[in-house]
Amino acid sequence: MKQSQVVETISTIIAEELEKAKKSNPFFTRFPESAQPEDFKWCMHLYHLSKHFGELLKLRWERFPDVDHDVFSTHYKEEKDHAEMLRKWMTDLGLGDPEQSFPNYETEDFISLQYRAVSSMSENLSLLLVNSTAEGYAHAMYLHAHAILKRAGFTNLEYWEVHCVADEEHSNVYHLIQDMNDTELKEAEHLVRYTCRSLDTMLASWFK
């Protein structure tokens with residue numbers, strides 16, 4: 001199947017699933033409107049996700065050293081310090097050091113899926129799951145969070161601002177997707193839907 005058909009199929013799935021999440025997921029419907037530190041304890045889960053995300057991007061870069069693009073290297077280099085940025089934001093806010101906590105199981109599950117995407121899947125699937133899907137969701141997350149945090153009176157928003165820009169760029173990789181046969185596309189559809197479901201479950205768990 002030609003690249004254009006693959007892109008149309010997968011991008012439609014992601015857009016539809018993300019739109020449903022925006023209407024029903026607590027991350028989008030119950031994000032705290034106040035500036036109280038205790039409302040952001042859930043960021044400990046995001047911290048652990050961010051920390052592992054940098055590591056798994058490094059693993060992907062090492063696994064695919066000969067690709068004809070620089071997305072794998074630049075993505076890692078741009079993400080590797082983001083967990084520490086969030087950690088500083090949290091401690092400056094008066095929250096405990098997230099290194100003294102563990103992510104919940106829903107976050108652990110999503111982290112594991114992302115490791116699987118970079119360690120054992122094809123280049124196409126890695127791009128679709130890590131970039132198109134996960135970073136596509138992240139871009140929507142950070143835009144939503146940044147707007148509310150700004151309204152709430154936060155001024156130290158560099159961590160959130162960086163992601164509003166970077167995650168849009170990181171998710172824009174459809175031009176790198178190579179042609180797939182019907183079997184490969186069916187697998188991609190299955191795994192993209194699974195990734196969307198895992199993201200939805202994880203984000204909802206942060207606001208239980």
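Predicted model: local features only at pLDDT ≥ 70, side-chain atom pairs only at ≥ 80, totals over all residues.
Local features were taken only where pLDDT is at least 70 and side-chain atom pairs only at pLDDT 80 or more, whereas totals for chains, interfaces and linings use all residues. Residues are numbered from 1 along each chain as its sequence is written, and side-chain values use heavy atoms, with hydrogens and water left out.

One cavity of 30 Å³ or more is present; a cavity is a set of points, on a 1 Å grid over the protein atoms alone, where a 1.4 Å probe fits but cannot get out. Two or more lining residues come from each of α3 (43-63), α6 (105-119), α7 (123-151), α8 (158-171) and α9 (182-205); helices are DSSP runs of H or I with at least four residues, numbered from the N terminus. With five residues, α7 gives the most to this lining. Eleven of the lining residues are nonpolar, three polar and three charged, where Ala, Val, Leu, Ile, Met, Phe, Trp, Tyr, Cys and Pro count as nonpolar, Asp, Glu, Lys and Arg as charged, and the others, Gly among them, as polar.

The largest pocket holds about 200 Å³ of space; a pocket is an open set of points with protein on both sides within 12 Å along at least five of seven lines. It is lined by 14 residues, with Ile14, Ser132, Gly136, Ser171 and Tyr174 closest to the centre. At least two lining residues are supplied by each of α1 (3-24), α7 and α8. By class, six residues of the pocket lining are nonpolar, six polar and two charged.

The largest nonpolar core contains 70 residues, and Phe40, Trp42, Trp89, Trp160 and Trp206 have the most contacts inside it. Such a core is a set of buried Ala, Val, Leu, Ile, Met, Phe, Trp, Tyr and Cys residues joined through side-chain atoms within 4.5 Å. Helix α7 contributes the largest share, 14 residues. Beyond its neighbours within four places in sequence, Trp89 is in contact (heavy atoms within 4.5 Å) with Phe40, Cys43, Leu149, Phe154, Asn156, Leu157 and Trp160.

Ser73 belongs to helix α4 (residues 71-79). Ser73 is buried, at a relative accessible area of 14% (buried means under 20%, with a 1.4 Å probe and protein chains only). Its side chain reaches the backbone oxygen of Asp70 at 2.9 Å.

How values were computed: 1 Å grid on protein atoms, 1.4 Å probe; cavity = no way out; pocket = protein on both sides within 12 Å on 5 of 7 lines; lining within 4 Å. Points joined across faces, edges and corners; volume = space filled by probe spheres on them. Buried < 20%, exposed > 50% of the residue type's maximum accessible area, 1.4 Å probe, protein only. Polar contact = N/O pair within 3.5 Å; in protein donor to acceptor, adjacent residues only side chain to side chain.
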